[in-house]
Amino acid sequence: MILSIVAWMLALAAGVPLAIFSLEVAVGLANSRRSVAGTTTGRVVVLIPAHDEAAGIAPTIEALKAVASDARILVVADNCSDDTAAVARAAGAEVIERHDAIARGKGYALAFGRDHIAATGACDVVIVLDADCRLAPGSVAALTARAMRGQPAQAINLIAPDRTAPPMTQISGFAMVVKNLYRSRGMTRMGGSALLTGTGMAFPWTLFADADLGSGSLVEDLGLGITLVRAGHATLLVEGASVSSAPPPEDAALAQRTRWEHGFLDTARNAALPLLGSGLRRLSAKEILLASHLLVPPLALLLAVATASLGVAIVLALVGASLVPAITLAAIFAAALCVTFAAWLHGGQRWLSGAALLKAPLYILWKLPIYLGFLRGRETEWRRTSRSDS
């Protein structure tokens with residue numbers, strides 16, 4: 001009996017996140033019709049936080065001007081040791097400079113930019129764009145149209161596909177497709193909120209003006225999204241808008257993932273259960289769905305935990321425990337693998353070649369240091385991710 005209880009505990013601990021993951025992806029797999037954004041007359045500011053981006057900021061501004069000719073482009077040169085500010089001004093952007101060796105990070109840069117906007121002119125919509133990202137044509141109009149209705153909006157945020165990249169980089173790009181496209185689309189279709197991903201996100205000024213931006217969090221966008229959902233402002237995934245960035249070098253990708261995933265795991269640990277409790281008390285589907293999403297660890301960790309749990313459940317069955325927990329977990333695990341493979345067939349092949357897909361188990365091993373590092377002591381300091389162009 002004791003062995004069976006332990007087996008069921010393992011099956012539930014791994015099976016519930018697997019089931020949530022499978023449901024989100026399955027619901028998000030079907031294509032959506034892209035609604036055409038209506039003409040808007042909103043005053044739009046594209047806010048670009050930039051730290052030591054002299055090598056790439058000018059192409060970003062030029063690309064942005066091509067798709068958002070009427071928008072005000074504001075660059076926050078944040079704690080820069082290079083000539084980011086001068087290069088951005090020469091490219092035609094409005095530039096402000098911030099220097100604070102203690103308060104470092106993107107959240108502080110956004111708050112500094114927000115205060116400047118409030119002091120220098122009227123604004124209806126703020127679109128946040130990272131300095132290495134590109135918005136697709138039509139994205140600014142689509143995001144603005146949604147934000148003008150009083151709702152936060154998020155473009156589909158993906159790494160630009162490159163099937164010539166190293167396998168670990170390809171798999172990482174595909175994992176981002178699963179999370180930022182299929183799972184986010186699935187949540188919104190079920191009545192939940194899309195995640196804010198830090199770039200390609202738009203806010204009505206009335207919300208942005210009061211947002212808690214000045215924090216040193218490694219995932220300030222995730223925390224902001226949770227706060228907005230609690231306040232009744234769910235984020236809409238805008239399928240007519242997309243934002244992309246070039247794949248980082250492989251060593252930089254691991255550092256970037258460490259920052260993202262340590263921040264996600266720490267936020268989930270502190271926020272998931274309180275958010276779930278709040279959602280149940282208030283009968284808020286949006287809070288419940290977001291809390292459920294936070295209960296699912298990053299894909300590589302999810303698969304590693306599920307594999308280990310299934311192995312232990314099988315061993316327990318061999319020494320006398322019930323076989324039902326192992327069978328149940330195996331079935332849920334198989335479903336998760338099936339929907340992941342379906343996502344690859346549906347659209348993931350642009351990011352991930354078949355040869356690279358076969359190396360997925362190595363991807364889990366590649367990321368194990370991230371999770372072991374979290375157990376020893378999570379990443380707490382913001383660091384700029386190295387760019388391909390530098």
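Does Thr-60 count as buried or exposed, and at what relative accessibility?

Analyst: Thr-60 counts as buried, at 1% relative accessibility. Buried means under 20% relative accessible area, exposed means over 50%, and partly exposed lies in between (1.4 Å probe, protein chains only). This is a predicted model, in which local features need pLDDT of at least 70 and side-chain atom pairs count only at pLDDT 80 or more, while totals for chains, interfaces and linings use all residues. Residues are numbered from 1 along each chain as its sequence is written, and side-chain values use heavy atoms, with hydrogens and water left out.

Thr-60 is found in helix 2. Helices (H or I, at least four residues) and strands (E, at least two) are DSSP runs, numbered from the N terminus. Helix 2 covers residues 57–67, and its buried residues include Thr-60 together with Ile-57, Ile-61 and Leu-64. Seen down the helix axis, the buried residues of helix 2 fall within an arc of 95°, so they line one face of the helix. The arc is taken from the directions that run from the helix axis to the C-beta atoms.

What touches Thr-60 itself? Leaving out residues up to four places away in sequence, Thr-60 touches Leu-129, Asp-130, Ala-131, Asp-132, Cys-133 and Arg-134. Contact means heavy atoms within 4.5 Å. The cover over the buried residues of helix 2 includes strand 1 (44–50), strand 2 (72–78), helix 3 (84–90) and strand 5 (133–135).

Stay with strand 2 and helix 3 for a moment. The loop between them holds Asn-79. Asn-79 is not a glycine, yet its phi is positive, at about 50°. Asn-79 is also buried, with a relative accessible area of 17%. Leu-283 is another non-glycine residue with a positive phi, near 55°. It sits in the loop between helix 9 (250–282) and helix 10 (285–294). Leu-283 counts as exposed, at 76% relative accessibility.

Helix 10 also holds Leu-290. Leu-290 counts as buried, at 3% relative accessibility. Apart from residues up to four places away in sequence, Leu-290 touches Leu-195, Gly-225, Ile-226, Val-229 and Leu-275.

Ala-160 lies in the loop between strand 6 (153–159) and helix 6. It is partly exposed, with a relative accessible area of 26%. Setting aside neighbours within four places in sequence, Ala-160 is in contact with Ser-244, Ser-245, Ala-246, Pro-247 and Trp-351.

Next, helix 6. The axes of helix 6 (residues 167–189) and helix 14 (residues 360–376) come within 10 Å and cross at roughly 90°. Axes are lines fitted to C-alpha atoms, for helices over the stretch in contact, and angles run from 0 to 180 degrees between N-to-C directions. Helix 6 is therefore roughly perpendicular to helix 14. Angles of 65 to 115 degrees count as roughly perpendicular, under 35 as roughly parallel, over 145 as roughly antiparallel and the rest as oblique. Met-168, Ile-171, Ser-172 and Ala-175 of helix 6 meet Ala-360, Leu-362, Tyr-363 and Trp-366 of helix 14. The residues of this contact divide into 7 nonpolar, 1 polar and no charged. Ala, Val, Leu, Ile, Met, Phe, Trp, Tyr, Cys and Pro count as nonpolar, Asp, Glu, Lys and Arg as charged, and the others, Gly among them, as polar.

Helix 6 also packs with helix 1 (residues 2–28), at an angle of about 85° and with the axes 7 Å apart. These two helices are therefore roughly perpendicular to each other. Helix 1 contributes Phe-21, Glu-24, Val-25, Val-27 and Gly-28, and helix 6 contributes Val-178, Tyr-182, Arg-183, Arg-185, Gly-186, Met-187 and Arg-189. This contact divides into 6 nonpolar, 2 polar and 4 charged residues.

Last, the aromatic rings. Rings of Phe, Tyr and Trp (its six-membered ring) pair if their centres lie within 6.5 Å; planes under 30 degrees apart count as stacked, over 60 as edge-to-face and the rest as tilted. By this rule there are 3 aromatic pairs. Trp-205 and Phe-208 form a tilted one, 6.3 Å centre to centre with 45° between the planes. Both lie in helix 7 (residues 205–208), 3 residues apart, about one turn of the helix. Trp-205 and Phe-208 are both buried. Ring pairs link Phe-203, Trp-205 and Phe-208 into a cluster.
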